[in-house]
Amino acid sequence: MAFLDQLIGLFIQHGYLAVFVVLLVSGFGVPIPEDLSLVAGGIIAGLGHADVRVMCAVGLAGVLVGDSVVFLVGRTFGVRALRVRWIAHVLTPRRHAQVKAKFTRYGNRLMFVARFLPGLRTAVFLTAGMSHRVSFVRFIALDGLAALISVPFWVWLGYLGAEHREWVLAQVHRSQGVLAVLLVALVALVAVWAWRRGRDRLRRLHAHRERRAERSARDAED
């Protein structure tokens, strides 16, 4: 509660700029909870110090700019980035190996999931940049899609519970589980959609080959 109150006081005093900077710094791996920062932004909007829709936009800008900087640092400097102290602290050899193993298993989907994994988010984005396997456009698309789910969720939670901060904090802990369930459900839906699309494409391919074979047979008879 004390940390949340400090964030609220900071944001009331300095407005949207403070929200943006805190989220930006959080994206660099500094231990400032992104969810609490967004909730605090929602609370000051609920108290009348900001517009909740603008706060959502500022929140999206803060997290995406921070994530992009991390990704581009990894992409530009590669493994040389590990010589920087704060990067070496965030991306330890053990964590780097874990993230690379997850990339091998899950591919680019990991960048979408990473938004919901605070302890690994920065490490995942750094590794994605270092790998040069992911274009910046694809990175922004996947990370942006995840942010469109998480950022408004936390901001509106703070907005709706602005007068009941203890309730909000309780919901933050509960909602982390809810977001995880929603994430699993979304991934499952995407997987089912991709499977059905692939199945339909395979059926069309077989039908096309059968028609070609029939035409070839008729031509041979003629």
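**Reading aromatic pairs**

Biologist: I see that F136 is partly exposed, with a relative accessible area of 32%. How do I read that value, and what puts F136 in that class?

Modeller: Keep in mind that this is a predicted model. The general idea is a scale: under 20% is buried and over 50% is exposed, with partly exposed in between. F136 has 32%, so it falls in the middle class.

Biologist: Okay, and F71: is it buried or exposed?

Modeller: F71 has 0% relative accessibility, so it counts as buried.

Biologist: How many aromatic pairs does the structure hold?

Modeller: There are 7. One of them joins F71 and F136, with 6.0 Å centre to centre and 40° between the planes. Planes over 60 degrees apart are edge-to-face and those under 30 are stacked, so the 40° of this pair makes it tilted.

Biologist: Which parts of the chain does that pair tie together?

Modeller: F71 sits in helix 3 (residues 52-77) and F136 in helix 8 (residues 136-160), so the pair links parts 65 residues apart in sequence.

Biologist: And what kind of pair do W156 and Y159 form?

Modeller: That one is edge-to-face: the ring centres are 5.1 Å apart, with 75° between the planes. W156 and Y159 both lie in helix 8, 3 residues apart, which is about one turn of the helix. W156 is partly exposed at 34%, and Y159 is partly exposed too, at 31%.

Biologist: Which residues do ring pairs link into a cluster?

Modeller: F71, F125, F136 and F139.

Definitions and conventions
Residues are numbered from 1 along each chain as its sequence is written. This is a predicted model: local features need pLDDT of at least 70, side-chain atom pairs count only at pLDDT 80 or more; totals for chains, interfaces and linings use all residues. Side-chain values use heavy atoms; hydrogens and water are left out. Rings of Phe, Tyr and Trp (its six-membered ring) pair if their centres lie within 6.5 Å; planes under 30 degrees apart count as stacked, over 60 as edge-to-face and the rest as tilted. Helices (H or I, at least four residues) and strands (E, at least two) are DSSP runs, numbered from the N terminus. Buried means under 20% relative accessible area, exposed over 50%, partly exposed in between (1.4 Å probe, protein chains only).
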